[in-house]
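Here is a short tour of a protein model, from the whole chain down to a single side chain. Have the sequence and the 3D view ready as you read.

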Amino acid sequence: MEIPEAAAPVGSFFPFFLLLACGTLVAALLGAAHRLGLFYQLLHKVDKASIRHGGENVAIVLRAHGVRFVFTLVGGHISPLLVACEKLGIRVVDTRHEVTAVFAADATARLSGTVGVAAVTAGPGLTNTVTAVKNAQMAHSPVLLLGGAASTLLQNRGALQAVDQLSLFRPLCKFCASVRRVRDIVPTLRAAMAAAQSGTPGPVFVELPIDVLYPYFMVQKEMVPAKPPKGLVGRAVSWYLENYLANLFAGAWEPQPEGPLPLDIPQAAPQQVQRCVEILSRAKRPLMVLGSQALLTPTPADKLQAAVETLGVPCFLGGMARGLLGRNHPLHIRQNRSAALKKADVIVLAGTVCDFRLSYGRVFSSSSKIIIINRNREEMLLNSDIFWKPQEAVQGDVGSFVLKLVEGLQGQTWAPDWVEELQEADWQKEQTFREKAAVPVAQHLNPVRVLQLVEETLPDNSILVVDGGDFVGTAAHLVQPRGPLCWLDPGAFGTLGVGAGFALGAKLCRPDAEVWCLFGDGAFGYSLIEFDTFVRHKIPVMALVGNDAGWTQISREQVPCLGSNVACGLAYTDYHKAAMGLGARGLLLSRENEDQVVEVLHNAQQQCRDGHPVVVNILIGRTDFRDGSIAV
């Protein structure tokens with residue numbers, strides 16, 4: 001007969017469950033206290049009498065990072081940071097559209113080698129910047145976008161201009177953050193600035209809700225009821241709001257490191273550099289294509305220029321690399337790139353991507369050995385699985401790689417006949433432009449001839465900003481930047497409307513340079529109103545508008561293919577008069593004064609030197625470079 005075991009007394013489990021329940025409750029209370037900031041507030045005071053505000057913390061970090069300009073279109077959400085920047089000597093430049101502010105920050109970043117900064121208000125202020133932020137991403141420009149936002153307590157509750165801004169910018173930016181407490185402003189901005197410049201540079205976004213920017217007493221007035229509420233629920237809500245406010249400002253003014261964090265800039269592995277040296281040393285017809293990444297910091301432009309000259313390999317220059325070798329350098333090949341790439345036996349793609357600009361890689365000969373160097377691995381290998389294969393793919397900083405390549409080759413030279421062959425092809429292509437410049441036009445001016453005269457007139461201390469389709473495409477063949485970092489175009493995104501913002505940033509970065517903007521008349525429509533900005537801020541730039549009364553680059557394909565010019569027609573608008581209405585100077589170039597082109601350009605230069613922004617409205621015929629014809 002089995003004897004059943006004695007059952008354990010039920011009461012013996014009760015202390016264990018009681019202890020577990022108490023532990024869980026204590027843990028929950030401690031977690032809640034942590035989330036409410038109660039522990040932090042025990043160690044860090046809230047200075048309720050202070051009139052300081054979070055905008056001052058923003059300005060302190062920007063100054064510590066060498067920021068000289070903040071571009072903006074004002075809004076109540078961001079007023080404190082703008083006022084603080086002004087007090088610390090950071091120049092605040094307000095534009096007439098938020099997209100211009102970001103384009104200006106982009107140009108500042110490209111020319112200065114630091115982070116360009118734009119600040120805009122919440123909601124529509126931020127959505128207006130999306131195109132410029134995407135352009136900066138594709139151009140690898142380190143831009144910091146500061147965006148206002150609704151109060152942290154009112155987000156997702158229908159506040160004015162409140163949208164999910166972080167979701168909007170995460171696909172466009174390397175770093176996105178929303179500051180939730182005043183004490184977090186400084187470390188968040190330092191991290192953002194480092195992220196913008198590390199790896200492959202690009203835009204970053206920091207959201208600054210209105211209650212982390214304004215002073216304690218103003219936030220308290222808006223957040224906490226003036227009269228103590230009655231009832232248990234009312235008192236609980238009041239305590240929660242007061243604690244929330246205290247946590248917002250606890251430790252806000254305690255000293256923190258403000259300066260730059262270390263940057264993470266990828267470098268090519270020595271073994272890869274050596275393999276590239278060996279490949280290039282055996283080349284008979286080497287060719288280099290340099291893109292914008294070659295001009296990124298830390299390699300100074302003058303050192304890169306000297307290295308390319310020492311290397312002695314003929315090269316094509318694109319994007320920000322245009323002008324690297326100055327004007328008419330024998331190694332700089334400007335025309336017939338596709339034909340040259342087909343003939344080369346070794347090609348070095350230095351910061352250049354095999355996208356539409358290189359026919360996705362189809363432009364290369366199958367027998368060519370290709371070395372590609374890029375900070376971004378995805379861009380470096382773009383389309384390599386379909387149309388081309390790299391002999392050596394090097395992930396690292398382009399400028400540093402070129403310096404190491406020159407060091408490894410130790411003064412090796414190549415037979416001059418290859419360079420001479422490319423130079424001869426260059427001369428022949430340029431001869432066709434000279435012939436087109438002589439073609440008579442029934443009405444208006446020959447754009448090729450006009451741009452030839454621009455090339456002859458352009459001074460050595462100029463910066464070229466280009467914004468347009470047909471007219472700018474022509475200029476890219478005919479007008480040469482005079483030195484490194486003297487050419488600004490949108491980059492791979494092909495964005496129209498960059499002109500005014502780029503000109504604004506360029507003139508502020510280099511006040512002694514003459515900023516010449518080449519606009520198509522379609523593109524100029526985006527920038528015209530910003531001549532009000534140039535006038536108000538006394539920023540003299542010169543705009544040359546190639547006015548052919550249409551979206552000619554589009555109509556050239558649309559009409560033959562689809563039989564209609566719908567939406568492609570514009571008018572011969574008096575852009576010079578519109579600029580005069582905004583307070584700028586305006587000049588007209590037309591058939592009536594076609595023998596005075598140089599004189600009008602010199603007049604515009606003098607007006608700029610006297611401190612006036614100028615628009616030169618140039619009435620031109622339409623040019624088709626496929627067959628050399630010029631039509632009205």
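The overall build comes before one annotated span and one residue.

This is a predicted model, in which local features need pLDDT of at least 70, side-chain atom pairs count only at pLDDT 80 or more, and totals for chains, interfaces and linings use all residues. Residues are numbered from 1 along each chain as its sequence is written, and side-chain values use heavy atoms, with hydrogens and water left out.

The protein contains 26 helices and 19 strands, taken as DSSP runs (helices H or I, at least four residues; strands E, at least two). Some values for the whole protein:

| Property | Value |
|---|---|
| Box of C-alpha atoms along the principal axes | roughly 110 × 75 × 50 Å |
| Accessible surface (Shrake-Rupley, 1.4 Å probe) | about 28000 Å² |
| Carbon and sulfur part of that surface | 57% |

Of the 632 residues, 54% are buried, meaning under 20% relative accessible area with a 1.4 Å probe, protein chains only.

The unreviewed UniProt entry annotates residues 467-618 as "domain: Thiamine pyrophosphate enzyme TPP-binding"; such annotations may be inferred rather than shown by experiment. This span is 42% helix and 17% strand, and its end C-alpha atoms lie 15 Å apart.

Now for a closer look at Asn 135, which sits in helix H7 (residues 130-139). Asn 135 counts as buried because its relative accessible area is 0%. Its side chain makes a polar contact with the side chain of Thr 495 at 2.6 Å (a pair of N or O atoms within 3.5 Å, one able to donate a hydrogen and the other to accept it). Leaving aside residues up to four places away in sequence, Asn 135 also touches others, including Phe 103, Arg 110 and Phe 502, where contact means heavy atoms within 4.5 Å.

Note on methods: Buried < 20%, exposed > 50% of the residue type's maximum accessible area, 1.4 Å probe, protein only.
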